[in-house]
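Please read the following explanation with the sequence and the model open side by side.

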Amino acid sequence: MTMFEAILLTVATAATPLLIAALGELVVERSGVLNLGVEGMMVMGAVTGFAVAQYTGSAWLGMFAAILAGAAFSLLFGFLTLTLITNQVATGLALTLLGLGASAMIGESFVGLPGVRMDSLYIRGLTDIPYVGRVLFGQDPIFYISILLTIGVAWFLFRTRAGLTLRAVGDNHTSAHALGVPVVRIRYLAVIFGGACAGLAGAQLSLVYVPQWVENMTSGRGWIALALVVFASWRPWRILAGAYLFGAVTIGQLHAQALGIGVPSQLMSSLPYLATIIVLVLISRNKRLTLMNTPTSLGKPFVPDR
Amino acid sequence: MKKLIMALTVAASFAVAGPALAADKLKIGFIYIGPPGDFGWTYQHDQGRKQLEKELGDKVETTFLENVPEGADAERSIERLARAGNKLIFTTSFGYMDATVKVAQKFPDVKFEHATGYKTAENVSVYNSRFYEGRYVQGVIAAKMSKTGVAGYIGSFPIPEVVQGINSFILGAQTVNPNFKIKVIWANSWFDPAKEADAAKALIDQGVDIITQHTDSTAAMQVAAERKIKAFGQASDMIKFGPETQMTSIVDNWGPYYIERAKAVLDGTWKSHNVFEGMKEGLVVMAPYTNMPDDVKKLAEETQAKITSGELKPFTGPIKKQDGSEWLKAGETADDKTILSMNFYVAGVDDKLPK
């Protein structure tokens with residue numbers, strides 16, 4: 001394995017959880033709902049994935065359980081904000097706090113146990129191709145899912161009728177409702193999809209990235225995913241670009257440190273955040289386009305008039 | 001007269017209520033910076049608390065507050081423990097220093113113990129551990145075991161406690177291989193498993209074949225195991241995460257100290273002090289030496305024995321600073337004050353220390 005290839009692989013592993021969680025949140029926000037509970041759903045996914053993989057010995061079962069856990073957890077958010085019309089910001093924050101606390105409790109007996117690692121793909125011949133083999137054909141399954149997910153979400157939102165309806169709900173729920181679109185049902189589905197994605201992102205952390213469970217192991221990645229959605233002005237391919245840029249600068253600064261080039265490490269550690277914000281702000285500096293992409297009903301409660 | 005009667009009444013009510021409430025148990029409180037489930041720094045403090053409970057049984061009752069941020073929150077949390085009737089309170093992170101001293105002034109009859117700081121008072125003790133002694137042994141092992149002659153070191157923050165470790169490690173390594181090098185990556189975090197794993201991968205990709213860390217999770221150990229190189233654990237014994245990888249680990253062993261201090265309060269012999277203890281007193285314990293040939297193991301054990309007996313002090317001259325200037329003359333040893341405020345590298349570290 002060449003150094004170049006090794007770096008690419010590390011970048012992909014670092015970017016994947018951000019990408020998956022951000023894609024989920026993108027769909028949620030496009031439907032007009034702001035769920036700040038990404039971090040909480042992600043950490044629930046991480047602990048569930050780890051626990052189920054530990055009991056069954058299968059990383060795949062762990063992954064599916066994590067997706068279900070994320071979805072179930074988001075359903076709580078959906079019920080509170082869509083049915084009981086609670087404040088979305090406050091409920092989302094509460095979901096994060098609850099997730100961090102509940103996962104710590106569930107995971108207490110798993111601390112200090114080595115986890116089950118999800119195997120990377122290996123195709124005889126293809127994976128051994130120099131320079132690109134490992135990157136294209138030798139990664140973990142969740143990496144491939146994340147790429148398919150990006151394509152799928154982009155296609156769904158902008159190339160299907162259902163995607164158009166979802167965006168309409170996010171842009172103007174009153175008009176959509178008047179046209180007979182089931183606003184609340186669509187938002188429920190979007191919220192559940194977001195939760196499932198966050199759960200999967202959590203599973204990537206505890207089954208691929210660092211196969212172990214420790215409290216608060218997401219360390220703020222849910223918040224970075226949330227920020228990516230906004231800075232990518234609600235566009236799936238920009239989220240992919242943002243996540244990989246963030247990953248690349250993170251890994252790049254670690255390599256720069258190991259080379260000992262003498263730039264203060266505190267500055268280096270903040271570089272991924274700075275670089276990602278600057279680049280995404282630059283590519284979305286067209287105000288008209290940005291406004292067009294911002295879901296107008298984002299965060300506003302919807303009470304159907306009967 | 002009135003005052004006296006009131007004082008007597010208060011005293012009497014205490015006399016009645018006191019035993020009934022506390023049942024003669026010594027209540028002991030702990031403030032933790034992280035969760036007990038971090039399998040690192042806080043985990044080891046919590047192990048110490050459990051040892052204390054086991055040893056003294058019915059005589060003590062312990063409580064802890066976890067994830068207490070360093071700052072204004074710390075003061076409130078410490079005060080809460082004091083108001084709840086805890087007579088001995090351990091505050092287990094450097095950043096609780098000022099808050100501990102402040103609360104201690106308000107509660108003169110409560111004894112406080114602050115970890116890794118330097119401010120003492122009549123009822124505030126300070127305890128610290130010479131982790132760097134363990135790093136020296138690790139350096140010796142690393143230089144013996146490394147084929148590339150370069151080790152990777154994942155640091156948390158450039159504070160004296162971490163810098164001591166880096167310097168001690170390279171000094172130990174230089175006794176075996178004078179040209180030994182270490183590459184340093186600062187994670188700027190105590191605890192971010194994914195980032196620690198990335199740092200380990202970056203170091204390995206750049207050719208180090210030994211990983212050591214001063215961050216709190218087991219992520220780096222797992223990466224080292226996956227890439228089939230050797231590594232050292234940190235704070236707790238991480239052998240389960242690298243059965244064929246971990247060569248040893250510095251284990252923070254707080255239990256004996258906690259038991260000793262609780263007993264002192266029970267006997268009424270507690271006095272404020274400032275201790276900086278290491279291998280000799282049993283605060284620094286090395287996990288079993290594994291995954292190395294017998295001659296290296298023997299050398300490691302000898303080095304450990306010499307440090308324990310006091311025959312070998314890691315910071316003994318001649319030592320040059322990184323810029324080539326002289327720090328310690330031949331035979332001269334660094335005093336504790338210099339060690340506790342160490343903010344420079346010694347010669348041989350392949351990094352620029354962030355300030």
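**From helix packing to the sheet**

In this predicted model, helix α2 of chain A (residues 38-56) packs against helix α4 of chain A (residues 88-106) at an angle of about 20°, and their axes lie 7 Å apart. Because angles under 35 degrees count as roughly parallel, α2(A) and α4(A) are therefore described as roughly parallel to each other. The crossing in which α2(A) passes α4(A) is left-handed. On the side of α2(A), the contact is made by E39(A), G40(A), M41(A), V43(A), M44(A), A46(A), V47(A) and A51(A), while α4(A) contributes L95(A), T96(A), L97(A), L98(A), G99(A), L100(A), A102(A), S103(A) and I106(A). Sorted by class, the residues of this contact of α2(A) with α4(A) are 12 nonpolar, four polar and one charged.

Turning to the contact between the chains, 34 residues come from chain A and 29 residues from chain B. Four helices of chain A, namely α1 (3-30), α9 (183-209), α11 (236-259) and α12 (265-283), each supply at least two residues of the side that touches chain B. Of the elements on that side of chain A, α11(A) gives the most, with seven residues. The side of chain A that touches chain B holds 18 nonpolar, 14 polar and two charged residues.

A helix pair that spans the two chains can be followed in detail. α1(A) packs with helix α7 of chain B (residues 193-205) at an angle of about 175°, their axes being 10 Å apart, and that makes α1(A) roughly antiparallel to α7(B). Here M3(A), A6(A), I7(A), T10(A) and A14(A) of α1(A) meet D198(B), K201(B) and D205(B) of α7(B). By class, the contact of α1(A) with α7(B) comprises four nonpolar, one polar and three charged residues.

Chain B itself is divided into domain 1 (20-129) and domain 2 (132-251 + 286-340), and the C-alpha centres of these two domains of chain B lie 30 Å apart. Their contact takes nine residues from domain 1 of chain B and nine residues from domain 2 of chain B. On the side of domain 1 that touches domain 2, four residues are nonpolar, four are polar and one is charged.

Chain B also contains an open sheet of six strands in the order β2-β1-β3-β4-β5-β11, with parallel pairing. β2 (60-65) and β11 (274-277) of chain B stand at the edges with a single partner strand each, so one side of each is left without a neighbour in the sheet. From one strand to the next, the twist averages 15°. Within this sheet, strand β1 (residues 26-31) and strand β3 (residues 88-91) of chain B run parallel and are joined by four bridges, and G29(B) has I89(B) of β3(B) as its bridge partner. Helix α4 of chain B (residues 97-106) packs on the sheet, where the helix touches β3, β4 (111-115) and β5 (124-129) of chain B and its direction makes about 175° with that of β4(B).

Two local features of the backbone of chain B complete the picture. N67(B), although not a glycine, has a positive phi of about 50°, and its place is in the loop between β2 and α3 (72-83) of chain B. G317(B) and P318(B) are joined by a cis peptide bond with omega of about 5°, and P318(B) belongs to the loop between α10 (294-309) and β13 (319-320) of chain B.

Note on methods: Residues numbered from 1 in each chain as written. Chains lettered and ligands numbered in written order. Predicted model: local features only at pLDDT ≥ 70, side-chain atom pairs only at ≥ 80, totals over all residues. Contact = placed C-beta atoms within 7 Å. Nonpolar A, V, L, I, M, F, W, Y, C, P; charged D, E, K, R; others polar. Domains from an automatic or database assignment. Pairing = 2+ DSSP bridges. Axes fitted to C-alpha atoms, helices over the stretch in contact; angles between N-to-C directions. Parallel < 35°, antiparallel > 145°, perpendicular 65-115°, else oblique. Left-handed = near helix turned anticlockwise from the far one by under 90°.
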